[in-house]
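The sequence and the model come first.

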Amino acid sequence: MKLRKIKAIETPYTNVSESEYQVEKRRLQVELLKIQQWIIKNKLRLVVIFEGRDAAGKGSTIKRFTENLIPSQFSVHALGVPSKSESKYWFRRYESLFPKEGNISFFDRSWYTRALIEPT
């Protein structure tokens, strides 16, 4: 078997310059801030779940999402290994962290952790 040298990783963003990226990121962050203000005004709640493998970039993505949000109106949760009672009633762990009215909760969920501790 002959090994091939990888020249480049294919991505739909190969032709996006740094300045174009920053402009688009800012535009999307402003839209997210508008959504947050709408949630606050209407006393709604929002849960955003990021799932993936460990070191897949979930934490960095959440950081980009929350950079310009109102800090007092959102929370980020990355749950560790549950206790025995939490394992038995695993949904209650999440339910207790759901946002209050006018807030957003971001969940950083690892596939590896979840597969080992939560029923399917």
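Of the 120 residues in the chain, 24% are buried. The model is a predicted one. The accessible surface of the chain is about 9,600 Å², and carbon and sulfur atoms hold 57% of it. Among contacts with a separation of 6 or more, 76% are between residues 24 or more positions apart.

Five helices and three strands are found in the chain. Along the sequence they follow the pattern α-β-α-β-α-α-β-α.

**The sheet**

The three strands form an open sheet in the order β1-β3-β2, and the pairing is parallel. The edges are taken by β1 and β2, which have a single partner strand each, so one side of each lacks a neighbour in the sheet. On average, neighbouring strands of this sheet are turned by 15 degrees against each other, direction ignored.

The two pairings are joined by eight bridges for β1 and β3 and by four bridges for β2 and β3. Residue pairs that illustrate them are E51, which stands opposite R109 in β3, and S75, which stands opposite S105 in β3. V76 has F106 of β3 as its bridge partner.

How much of β3 is buried? Seven of its eight residues are, so β3 is largely enclosed by the rest of the structure.

**Helices on the sheet**

| Helix | Strands touched | Angle with β3 |
|---|---|---|
| α1 | β1, β2 and β3 | about 120 degrees |
| α2 | β1, β2 and β3 | about 165 degrees |

Helix α1 covers residues 18-41, 24 residues in all. At 1.5 Å a residue the helix should span 34 Å, and its end C-alpha atoms are 34 Å apart, which agrees with that expectation. The buried residues of α1 are K25, Q29, L32, Q36 and I39. An α-helix has 3.6 residues a turn, so residues three or four places apart point the same way. The cover over the buried residues of α1 includes β1 (45-52), α2 (58-66), β2 (74-77) and β3 (103-110). Just after α1, K43 takes a positive phi of about 55 degrees.

**The nonpolar core**

Which residues make up the largest nonpolar core? This core has nine residues: L32, I39, V48, F50, I62, L69, F74, I104 and F106. At least two residues of this core are supplied by each of α1, β1 and β3.

A55 lies in the loop between β1 and α2. Is A55 buried or exposed? A55 has a relative accessible area of 84%, and because exposed means over 50%, A55 counts as exposed. Although 55 residues separate A55 and S110 along the chain, their C-alpha atoms are 9.0 Å apart.

How values were computed:
Residues are numbered from 1 along each chain as its sequence is written. This is a predicted model: local features need pLDDT of at least 70, side-chain atom pairs count only at pLDDT 80 or more; totals for chains, interfaces and linings use all residues. Side-chain values use heavy atoms; hydrogens and water are left out. The expected span of a helix is 1.5 Å times one less than its number of residues. Buried means under 20% relative accessible area, exposed over 50%, partly exposed in between (1.4 Å probe, protein chains only). Contact means heavy atoms within 4.5 Å. Accessible areas come from the Shrake-Rupley method with a 1.4 Å probe; for residues, only the protein chains shown count as cover. Two strands pair if DSSP finds at least two bridges between them. Axes are lines fitted to C-alpha atoms, for helices over the stretch in contact, and angles run from 0 to 180 degrees between N-to-C directions. A nonpolar core is a set of buried Ala, Val, Leu, Ile, Met, Phe, Trp, Tyr and Cys residues joined through side-chain atoms within 4.5 Å.
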